[in-house]
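Please find below a colleague's note on the model under review. It is set out as numbered points.

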Amino acid sequence: MVLSDRDIRREIASGNIVINPLDEGDIQPASVDLHLAEEVLVFHNRPEGYVDVRADPAGLTRIDLLPEKGPRLLHPGEFLLGGTVEDIHVPAHLVARLEGKSSLGRIGLIIHSTAGFVDPGWQGKLTLELGNISRLPITLYRNMKIGQLSFLRLTSPAERLYGDPALGSRYQGQMGATASRSHLDYQNDLAD
């Protein structure tokens, strides 16, 4: 069951959902608008010509800041990682879904390729997978409305929350755009 604006406000007022900062105008009928933070991770070309998911991605990206005034262009086919301005905390009895703004999707801007699911227990700023699938550059601005978060009630509260050491949660508490940590899945394979 998706939470309505009334239920979202109630969960925020009780401290179950934390969205900081939050402007009342960002609460929509069944979601909350999120904004693009100033820091993005821009991908470099690799000398070997590919990305090995088993290798540490250090050096794959560089930190870049969106201009204080004016846009940064996201070119056709370009992909970068951004983050939300908002720090999000999801309680044990809810799960959240990250989706793009339809107005941005209609011009070819995608904000996630696969990472749209926010587990119960999540705490931190969300990383956005920003891509341009149009034929023209798209402008990105600091603090622009970039996506929306909806909340769904679970059938019962989760027993183990995201961040539980037994789950190996890799992104708990991230405070900005965070590169992939998929290489950690292969640490034991590489040690053999």
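This is a predicted model: local features need pLDDT of at least 70, side-chain atom pairs count only at pLDDT 80 or more; totals for chains, interfaces and linings use all residues.

1. Residues are numbered from 1 along each chain as its sequence is written, and side-chain values use heavy atoms, with hydrogens and water left out.

2. D26 is found in the loop between β1 (18-20) and β2 (32-35); strands are DSSP runs of E, at least two residues long, and helices are runs of H or I of at least four, numbered from the N terminus. D26 counts as buried because its relative accessibility is 7% (buried is under 20% relative accessible area, exposed over 50%, partly exposed in between; 1.4 Å probe, protein chains only). Beyond its neighbours within four places in sequence, D26 is in contact (heavy atoms within 4.5 Å) with S31, V32, D33, H35 and K145.

3. Strand β12 (residues 145-153) runs antiparallel to β2, the two being joined by four bridges; strands pair if DSSP finds at least two bridges between them. In this pairing L34 stands opposite G147. Seven bridges join β12 to strand β7 (residues 94-100), also antiparallel, and A96 stands opposite F151.

4. There are two aromatic pairs (rings of Phe, Tyr and Trp, the last by its six-membered ring, with centres within 6.5 Å; planes under 30 degrees apart are stacked, over 60 edge-to-face, the rest tilted). The ring centres of F43 and F79 lie 5.4 Å apart with planes at 40 degrees, so this pair is tilted.
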